[in-house]
Structures are given as C-alpha cells and as structure tokens.
Amino acid sequence: MEQQSPLYDKANSILQIRRSRAEDQAVFDRIAKFAAEQIESSQSDYGNRIIRQACVELLEPKDSERARSFFLREHVIEEMKRLADEELGRYLFYRYRYDVFPQTKELDDYPPCLQIEPTSICNYRCVFCFQTDSDFTRPANGHMGMMTFELFREIVDQAAGQCEAITLASRGEPLICKDIERMLSYTAGKFLAMKINTHAGFLDERKAHAILAAGVSTIVFSADAASEPLYSQLRVNGNLNRVVANIERFQKIRTTQYPGSRTIARVSGVRYREDQNLDAMERFWGNLVDQVAFVDYNPWENTYERPFSGTEPPCSDLWRRMFVWWDGRVNPCDVDYKSLLAVGRVTESSLSTLWRSEPYNRLREMHLSRQRSQVFPCQRCTVT
Ligand code: SF4
C-alpha cells in the first residue's frame, strides 16, 4: 500500500522570514495610485487585463490576506519598495502570473519565472542536496558542466521583456562559472526580479561588483546555521569564517560604492534539523544582511530512491517556473536533477515553444488528471 508523505507546499516554502516592516503600507498606497492613474497606458490588452486584475485583488477589502488568491508576500513587498512607479505594472504582471497561474492552471507564452543554471558544479556537499549523489556528480555521466556566455546571451535575449523573474541558480554554485561576471553584466537593466543564490564561498570583490552593478534584486546567501560545527555539518566543505568575511565585504562595497543599490541581501537556510534556530540565525546574521529566512526541507538528495509519496494534487511548479540547464536542456524542475523529465533544448526550440511544448503539456495533463503516480520521479515527490 502506498504511503502518504507530508506535502511540500511550493508556494509557501519560506517558513519564516525576518525583515523590517517599515513603509509596507506605502507600497499599497503606490499601487492604489498606479491603479487609478496609469493602468491603461501600461502594455498590451492582455498585460493590462492581468495588471488590472492584480490591482483589484490586492486593493479589494478582504477579511484576511490569506482569503485573497493574490497577495503580496513579505519578500515581495521588499522588492516592490525598491521599484520606480513606472515599473509597478511590469512587476505586477509577473507576480500575479507567478502566484495565481499555478492555482488556476493557466499558461501564457512564457513562464512567470525562468531559472538559468550557469553551472551544475558545486564544491559543497550539503547533506540535503543532490550534489551528494555521486552518480550525478561523476564527470563521466555528463551532468556536470558550465554554460557558455553565448548560450546565456541567447537565452537572455529571448527572455528580456517576457520573463521578469530570472533566477541564476539551480543545481550548482553559480559563482563557480567562469563567465559569471560577463553574464551578470549582460542582464543589467533587463529584469525587475533578478535573483542569484550562492553559498558565498567564492564571493570575491570582482563578483560583488558584478552583482551590484547588474542591479540584481535579491542575492540569497545559503547558510543554515549561526555557528560551527553545525554550519559545516550541514554545508559540508563550507567554511563559515570565509563566508562571513565575503558577505561583510559585499555589504561594505554595497554601502560605500552603490548607495542607491536596490539589491536585497538575504541569508536563507534549509530547516533540516531540530537544533537549527531562527533566533540564533537572526542574532548572528541580522546585522549583516537585510533578511534572514528558513525554507522548508525537501529531500532533494534522494529523489529517485524515495518511496512512492502517494501525493495526488498537481505540482504547482509546472505552471510557475522553467529551468534551463548549463547545456541548454530544459527541465520542469530541479527536484528531477538528472533531467528525466526534460522537454527539449533551447538550442533547438525557443523558450516560448518549450514552455507550451507537447511533452510539457502531457506532463501537466498527467498531474491534472491525478495520474502523477504514473510519472517517474513525480510519483516519489511531494511538491504540490
Ligand atoms: S519531480 Fe515532478 S512533482 Fe516533483 S517538482 Fe518536479 S515536476 Fe514537480
């Protein structure tokens, strides 16, 4: 008999986040002003319809925030505080589709968010990560590599003006990629919700400048503990002292040389063990970064060997994000880190074609008809 595993709620994977709440209301006041004055002149008819709907849902009185199908999560409010008024429409167009389309199972021509993997290589072996799977990391098996700048440029050229949210990260540590500075520079001014995730072990001065000059919206430093030995028990091969020194230097450069920077610095940990403590994390990291958070643990490290999960509801990520690996292969998620679900390559089809391709739609259909138990590895995964 199949065993029912606890679900991994992708839309609410941030368990806790600590940040300043000053001026939250000002964001809603600006949206109200925008709704009253600017919507009609924003974009296409389709874009205007989405933006109008987003404003209605945000501004309509409701008994509680959670009663809304669209509401602004705390980290989203922080990103919006840093936008100019004329950027609000573009941002709402992205964010509404990102939050609501996975609920309504709608698609349009582009994924609300695109994750681009500069490299699949990492020097860490974090206990909860697929990098601990030697079948994945063995070079002869073909999963390891770095994206070329030329391929990156082609992807960004297609995504600019279509996907507002770009995340530079997936299976590897992005700052290991030899072209990462050039890549960052190429994204400058093109995306309103640009994110990069890093363990910060390679965050030297040049890379700090590249990130800040590109106007990255959020840099996420992956760290799950406030002290040794817990840090390196979880982030195996990591060095807490080096990471702290690198983040301190990054913040000093941000403050002194990029005074108008919109980049948010967040430390984010995976809640993996009982002895991890957000209060201790905040005491340690709180003075160094803008936000401290914990995300829920998902057993990424053994996707293919987990027992059947018995999960029936569809995976929301199929309507939210699309992943492009370093070699141009396109995958619906990185839980499937060996690309069994790959839908094609950006070297052969456009991003838009791949997002609405037959294999992608077939996978969505299997989930919608409650047949994910027939799909390997979705049958072992608990993401909903
Ligand atoms: S393995 Fe399947 S269910 Fe799990 S995240 Fe990927 S697409 Fe979703």
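Mentor: Begin with a definition: a residue is buried if 20 or more other C-beta atoms lie within 10 Å of its own, exposed if 12 or fewer, and partly exposed in between. Keep in mind that this is a predicted model.

Trainee: Is N237 buried, exposed or partly exposed?

Mentor: N237 lies in the loop between helix 9 and helix 10 (240–257). Its phi is positive, about 85°, although N237 is not a glycine. There are 13 other C-beta atoms within 10 Å of N237, so the class is partly exposed.

Trainee: What is the phi of R370?

Mentor: R370 is found in the segment after helix 13. With 12 other C-beta atoms within 10 Å, R370 is exposed. Most residues other than glycine have a negative phi. R370 is not a glycine, yet its phi is positive, near 60°.

Trainee: Which residue is joined to P229 by a cis peptide bond?

Mentor: Most peptide bonds are trans. P229 is found in the loop between strand 5 and helix 9 (230–234). The bond there is cis, with omega about 5°, and the partner of P229 is E228.

Trainee: What is omega for the peptide bond from F376 to P377?

Mentor: P377 is in the segment after helix 13 (358–368), and P377 is also one of the residues around the ligand. The bond from F376 is cis, with omega near 10°.

Trainee: How many residues of the shell around the ligand are nonpolar?

Mentor: The residues around the ligand include C315, D317, L318, P332 and D336. The shell has no polar residues and two charged ones. The nonpolar count is 10.

Trainee: Why does strand 4 count as largely enclosed by the rest of the structure?

Mentor: A193, K195 and N197 point one way from strand 4, and M194, I196 and T198 point the other way. Residues on both sides are buried. Strand 4 (residues 193–198) is largely enclosed because its buried residues number six of six.

Trainee: Which residue of strand 5 is the bridge partner of N197?

Mentor: Strand 4 runs parallel to strand 3 (residues 165–168), joined by four bridges, and L168 stands opposite I196. Strand 4 also runs parallel to strand 5 (residues 218–222), again with four bridges. In strand 5, the partner of N197 is V220.

Trainee: Which helix makes a right-handed β-α-β unit with strand 4 and strand 5?

Mentor: Strand 3, helix 7 (residues 180–187) and strand 4 make a right-handed unit. For strand 4 and strand 5, the right-handed unit is made with helix 8 (residues 205–213).

Trainee: Is I50 buried or exposed?

Mentor: I50 is found in helix 2 (residues 45–59). Leaving aside its neighbours within four places in sequence, I50 is in contact with F93, Y96 and R97. The cut-off for a buried residue is 20 or more other C-beta atoms within 10 Å. I50 has 24 C-beta neighbours inside that distance, so I50 counts as buried.

Definitions and conventions. Residues are numbered from 1 along each chain as its sequence is written. This is a predicted model: local features need pLDDT of at least 70, side-chain atom pairs count only at pLDDT 80 or more; totals for chains, interfaces and linings use all residues. Helices (H or I, at least four residues) and strands (E, at least two) are DSSP runs, numbered from the N terminus. Two residues are in contact if their C-beta atoms, placed from the backbone, lie within 7 Å. A residue is near a molecule or strand if its C-beta atom, placed from the backbone, lies within 6 Å of it. Ala, Val, Leu, Ile, Met, Phe, Trp, Tyr, Cys and Pro count as nonpolar, Asp, Glu, Lys and Arg as charged, and the others, Gly among them, as polar. Two strands pair if DSSP finds at least two bridges between them. A crossover is right-handed if, with the strands pointing away from the viewer, the path from the first strand over the helix to the second runs clockwise.
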